[in-house]
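Hi everyone, thanks for coming.

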Amino acid sequence: MNNKQWQIGAVKIDGQAILAPMAGVSDIAYRLLAKEHGAALVCTEMVSAMGIKYKNERTHELLRIEDAERPVSMQIFGSNPEAIALGAKVVADAGADIVDINMGCPVKKVVTSGDGSALMKNPDLAARVAEAAVEAVDVPVTV
Ligand SMILES: Cc1cc2nc3c(=O)[nH]c(=O)nc-3n(C[C@H](O)[C@H](O)[C@H](O)COP(=O)(O)O)c2cc1C
């Protein structure tokens, strides 16, 4: 495997294999296995910013990170800038090394709320969502 080191912001990544964010798949056990098998960066399942805001129990289960899986990128989704700012802060406080915002999910349940890939229909809102996350946290924000 190519072990070239690169960085996202100040986060050093030792290699080029990255575990994709996959809802229902990239849970903590899967991420630790991927790490054991050489993933240089692992990404969590997407976490709902609204779920964080309303303290949904299932959402909070998704926030657990172990040191052994670092560096870890935690993905949030939503289209409300204030909720995204809060979500970004909560996942960074939970230990995320990188906050990633989902702007690609095409699933009906997600796009009908204006989240995921629906944000691509509204570039101004997408920019405000990204800006809100960047202002809320010190860790790098990716999309
Ligand atoms: C079951 C499943 C769940 C996924 N969930 C997410 C997700 O939560 N967030 C995201 O950004 N992409 C999600 N994706 C997309 C993947 O991260 C990846 O971009 C996609 O599978 C293309 O990569 P590949 O060509 O290596 O398969 C999901 C894909 C699959 C198959």
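This is a predicted model: local features need pLDDT of at least 70, side-chain atom pairs count only at pLDDT 80 or more; totals for chains, interfaces and linings use all residues.

In soluble globular proteins, nonpolar side chains tend to be buried together. Here, the largest nonpolar core has 27 residues. Which of them touch the most other members? They are Val 47, Met 74, Ile 76, Ile 84, Val 91, Ile 101 and Val 129.

Let's zoom in on Ile 101. Leaving out residues up to four places away in sequence, Ile 101 touches Gln 75, Ile 76, Ile 84, Val 129, Ala 130, Ala 133, Val 141, Thr 142 and Val 143.

Now hold on to Gln 75, as we meet this residue again at the ligand. Around the ligand you'll find Ala 20, Pro 21, Met 22, Ala 23, Met 46, Gln 75 and Asn 102. By type, that shell has 5 nonpolar residues, 2 polar ones and no charged ones. What lies 2.7 Å from a nitrogen atom of the ligand? An N or O atom in the side chain of Gln 75 does. A polar side-chain atom of Asn 102 is 3.2 Å from a ligand nitrogen, while Ala 23 uses a backbone N or O atom, at 2.9 Å from a nitrogen of the ligand. On its own the ligand has 610 Å² of accessible area, and the protein covers 38% of that.

On to our two single residues. Met 50 sits in helix α2. Is Met 50 buried or partly exposed? Partly exposed, because its relative accessibility is 35%, and buried would mean under 20%. Beyond its sequence neighbours up to four places away, Met 50 touches Asn 80 and Ala 83.

Finally, Asp 97 is in the loop between α4 and β6. Its side chain reaches the backbone nitrogen of Val 72 at 2.8 Å. Asp 97 and Pro 140 are 43 residues apart along the chain, yet their C-alpha atoms are separated by 7.5 Å. Setting aside neighbours within four places in sequence, the contacts of Asp 97 include Val 11, Arg 70 and Val 139.

That's my tour, and I'm happy to take questions!

Terms used
Residues are numbered from 1 along each chain as its sequence is written. Side-chain values use heavy atoms; hydrogens and water are left out. A nonpolar core is a set of buried Ala, Val, Leu, Ile, Met, Phe, Trp, Tyr and Cys residues joined through side-chain atoms within 4.5 Å. Buried means under 20% relative accessible area, exposed over 50%, partly exposed in between (1.4 Å probe, protein chains only). Contact means heavy atoms within 4.5 Å. A residue is near a molecule or strand if one of its heavy atoms lies within 4 Å of it. A polar contact is a pair of N or O atoms within 3.5 Å; within protein, one must be able to donate a hydrogen and the other to accept it, and residues adjacent in sequence count only if both atoms are side-chain atoms. Accessible areas come from the Shrake-Rupley method with a 1.4 Å probe; for residues, only the protein chains shown count as cover. Ala, Val, Leu, Ile, Met, Phe, Trp, Tyr, Cys and Pro count as nonpolar, Asp, Glu, Lys and Arg as charged, and the others, Gly among them, as polar. Helices (H or I, at least four residues) and strands (E, at least two) are DSSP runs, numbered from the N terminus.
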